[in-house]
Amino acid sequence: MPAHPDRPRVPLSVYVLGLAVFALGTSEFMLSGLLPPIAKDMDVSIPRAGLLISAFAIGMVVGAPLLAVATLRLPRRTTLVTLITVFGIGQVAGAVAPNYAVLFISRVASALACAGFWAVGAAVAVAMVPVNARARALAIMIGGLSIANVLGVPAGAFLGEHFGWRSAFWAVAVASAVALLGVLTLVPAIPLPEERPRLSHEVRIYREPQLWLSIGVVALAAAGVFCVFSYLAPLLTDVAGLDNGWVPTVLALFGIGALIGTAIGGRIADAHLFGVLLSGIAASTVLLVALALLAQYAVAAVLLSFLLGVSCFYTAPALNARMFDVAGAAPTLAGATTTAAFNLGNTSGPWLGGIVIDAGFGFTSTAWAGGALTAGAIGITTVSLRHHRRTAASRVVAGGDGGEGGIAIGEKREVETVVKPVRGEP
């Protein structure tokens, strides 16, 4: 039993899932520091080596819903074990790849397994905690990604520089094996519902307008930040005038900010979900505009990069929790949809950044474009909040409740007001 009814304990098994996400996140992002040696070893251009990053992102977008549907009726822990095993094998295949084609295939396979693990793992994390601890549990998983950016990615770059790029893949394979052991020993068997899930019922969540609004918010919020983050290195060196040696430090500061933001957002999102969404995305918008205006000043560029990490990941637990609120009738597809939406943003943001740079607007234009995207996310969040309030108010009238329309975000009644129409309940 939890020590305090308002602060239920999160089980150790959720932290195990966070450890697995650390391995997944390190593999996903470490290639940004390994492209030159990979390109040289594989005898390809750096842009072609960069396709390995795009392939992983696209694999995440496609793989999340695909794997969620394919494993819908399988035991959750068995699915997690299988996916982390396939992911680890993908890292080994990448480490021993004799040519670019094999490395490319290994990245696609790893991305599919990574996407599936994210989707199923998020559903398992949510299933192991009470409703009022969802955001905290998801924040722990996201924290694994934050730590990957702080420690895993720089460590991968260090290994690549001193022991060859293949050593980074071996290191992630070892981390995956540790995560596999943790899942086997600490993650409990999550029983399937008495009535086996049917895809025709699960996909009904896509009829819910709030789900599509949530997808739009996630994709735009992620795209806005990664539009500038993907080109942060040249912005720091060419615009702010910093030496190349500063780039890893600033990237680490972004990761530290991400870890701080995740911890703060995870603690308060369960009680103030829309408040976290609006304040966090608004802060990201302001910081992006400030970066566009002040990027030529090195101190400002470094400080704003750190704060952008805080604001971006401050909203991440709320973005994930909101998706589970509106798609509670199909938690696995909710996790898959969230993963796909985030990676849609992570793919489209850098693409838009490349367009404005190629158009001759300079590296600071990525911050302007990112600010425009996050401003759009604020607009959609506002629409979603108004729709939620109308839905809650109508249910209060219909149910004779004397309350105030369920405006206290994060309480169980919010989940009920949104999920019931999906289930077809009265």
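Biologist: Which residues does T315 touch, not counting residues up to four places away in sequence?

Modeller: This is a predicted model, and in such a model a contact is read from heavy atoms within 4.5 Å. Leaving aside residues up to four places away in sequence, T315 touches V276, L277, G280 and I281. As for its place in the chain, T315 lies in the loop between α13 (298-314) and α14 (316-326).

Biologist: Is T315 buried or partly exposed, and why?

Modeller: Buried means under 20% relative accessible area, exposed means over 50%, and partly exposed is in between. T315 counts as buried because its relative accessibility is 4%.

Biologist: How does R166 read on that scale, and where is R166 found?

Modeller: R166 is found in helix α7, which covers residues 165-186, and it counts as partly exposed because its relative accessibility is 24%. With residues up to four places away in sequence left out, R166 touches D41, M42, G94, A95, V96 and A97.

Biologist: Which residues form a nonpolar patch on the surface?

Modeller: A nonpolar patch joins nonpolar side chains within 5 Å, taken from residues with over 30% relative accessible area. Here I256, I260, I264 and I268 form such a patch on the surface, with about 280 Å² of accessible area together. Among them, I264 is found in helix α11 (residues 246-268), and I264 counts as partly exposed because its relative accessibility is 40%.

Methods:
Residues numbered from 1 in each chain as written. Predicted model: local features only at pLDDT ≥ 70, side-chain atom pairs only at ≥ 80, totals over all residues. Heavy atoms only, no water. Patch = residues over 30% accessible without salt bridge, like charges linked within 9 Å, V, L, I, M, F, W, Y side chains within 5 Å. Areas by Shrake-Rupley, 256 points an atom, 1.4 Å probe, with all protein chains shown as cover. Salt bridge = Lys/Arg side-chain N within 4 Å of Asp/Glu carboxyl O. Helix = DSSP H or I, 4+ residues; strand = E, 2+ residues; numbered from the N terminus. Buried < 20%, exposed > 50% of the residue type's maximum accessible area, 1.4 Å probe, protein only.
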